[in-house]
Amino acid sequence: MNDDAQREAAAVRAEWLGHLLSTAPADRPAAEAAISELYRLIGLDPPRFHWVPSPLAALETVPPGVRPRPSERMNRLSEWPLPPRFRRLVGDLFVQLDTRVMRSSRVLDPMIRQLVRTPITDSARSTLRMALLGEHERFGQGSAWHAALCPSWSAHYDAVRRTSGVVYTSEEERLLDLWATPARSCGWWWPREGVCVVSERPVEVHTEVSGDDGEVRLHRSDGPALRYADGWDVHAWHGTRVPAWVVDDPSVERIAREANVEVRRCAVENIGWGEYIERAGLRPVAAAPDPGNPGSELRLYETGLEETPQQARILLAVNGSVERDGSRRRYGLAVPGVFDDPLAAAGWTYGLSAEQYARLVRRT
């Protein structure tokens, strides 16, 4: 793939990331027309549409006039009859297009995957899917359908036709555009015979760049990272879904009561390790130069939590890798209270002895 094609692929990626993260009101006529035509292609009449303000509302409401069969409840989405039929419809198309692409170029397909499809897949997993699947286990029941709705598929084959000499047939073009239209026009949709539930887009999405190919993840330090018009929102700290207090009002007391290690870590990072150590009154045990990260220091602190001996001390270290802004993040690791030597505590986190850790050239 030449430089022009790579630039075009990057432009396609940016365009589809824009669709993924859009907060514009849904284009309801476009979405309904495309979904109606997809129904016709699997041999069904167009459905009646029931719009909801958020995916969470789709879980909690039943469309008026609908008495779903036991197998068509949202917590049994994997057993619904229509999602597999739609997936087969577009799956057959993608197999045809893959065959055409491989005949045309053995370089094009992997490059498009790297520059377009994988970044969008990762971004979807770290934004909307992370938030939605983390909200309720019922979202996880339909993971195959939700994965099929990811715009990375449409972006991939859109990039192929826009960056190469591969020509699609008119029928392939039509089906690809029909499948891509809801991804461009609205949120997730759930098809039943006779009725289709469709979600509006969020009204706020806050992200940060998390990879070298444009990948993003949810993050906001002063409020919810994702919010829908019905009030459902999600807080996230550098890609980790957290309770609202972690972002809005972190405190030493709340951190001490929190059982989830990742949530605790995010809350401490929000306060700042230096400030947290002072507020929490952590007592220094020992410090030593970090052989795995020259120029940095390992510091061991006593937490005073003797009732949890496996997390009785905190090892404060500096990340071996540079962040995107050029800084090096400090982080704390819970280590057993038996350690008095920072090198031994650091080695324990890697499954090494103090002597083995001391011989490291560089850690990440």
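Reader: Why is the contact between E37 and R40 called a salt bridge?

Author: In this predicted model, the closest N and O atoms of E37 and R40 are 3.0 Å apart. A salt bridge requires a side-chain nitrogen of Lys or Arg within 4 Å of a carboxyl oxygen of Asp or Glu, so the pair of E37 and R40 at 3.0 Å qualifies.

Reader: What is the separation of E37 and R40 in helix α2?

Author: The two residues are 3 residues apart in helix α2 (residues 28–41), which means that about one helical turn separates them. In general, an α-helix has 3.6 residues a turn, so residues three or four places apart point the same way.

Reader: What makes E37 buried and R40 partly exposed?

Author: The relative accessibility of E37 is 19%, and the limit for a buried residue is under 20%; E37 therefore counts as buried. R40 has a relative accessible area of 46%, which lies between the limits of 20% and 50%, so R40 is partly exposed.

Reader: Which parts of the chain does the pair of R161 and E173 link?

Author: The side chains of R161 and E173 meet in a salt bridge at 2.4 Å, N to O. This pair links distant parts of the chain, with R161 in helix α9 and E173 in helix α10 (residues 170–185), 12 residues apart. E173 is partly exposed, at 26%. Through shared partners, salt bridges join E8, E15, D158, R161, R162, E173 and D177 into one network. The whole structure holds 25 salt bridges.

Reader: Which members of the largest nonpolar core touch the most other members?

Author: Of its 74 residues, these are F86, W145, W179, W189 and W190. Helix α4 (residues 82–104) gives the most to this core, with 8 residues. The contacts of W145, leaving aside residues up to four places away in sequence, are L77, P83, F86, R87, W179, W189, W190 and P191. A second, separate core has 19 residues, including W237, W245, V247 and I277.

Reader: Which residues of helix α13 are buried, and what covers them?

Author: In α13 (residues 261–271), the buried residues are V263, R264, C266, A267, V268, E269 and I271. Their cover includes β8 (233–237), β9 (240–242), α11 (244–248), α12 (252–257) and α14 (273–280).

Reader: What is found at the start of α13, and what follows this helix?

Author: At the start of α13, a side-chain oxygen of N260 comes to within 2.9 Å of the backbone nitrogen of E262. The helix is followed by G272, which has a positive phi, near 100 degrees.

Notes
Residues numbered from 1 in each chain as written. Predicted model: local features only at pLDDT ≥ 70, side-chain atom pairs only at ≥ 80, totals over all residues. Heavy atoms only, no water. Core = buried A, V, L, I, M, F, W, Y, C linked by side-chain atoms within 4.5 Å. Buried < 20%, exposed > 50% of the residue type's maximum accessible area, 1.4 Å probe, protein only. Helix = DSSP H or I, 4+ residues; strand = E, 2+ residues; numbered from the N terminus. Contact = heavy atoms within 4.5 Å. Polar contact = N/O pair within 3.5 Å; in protein donor to acceptor, adjacent residues only side chain to side chain.
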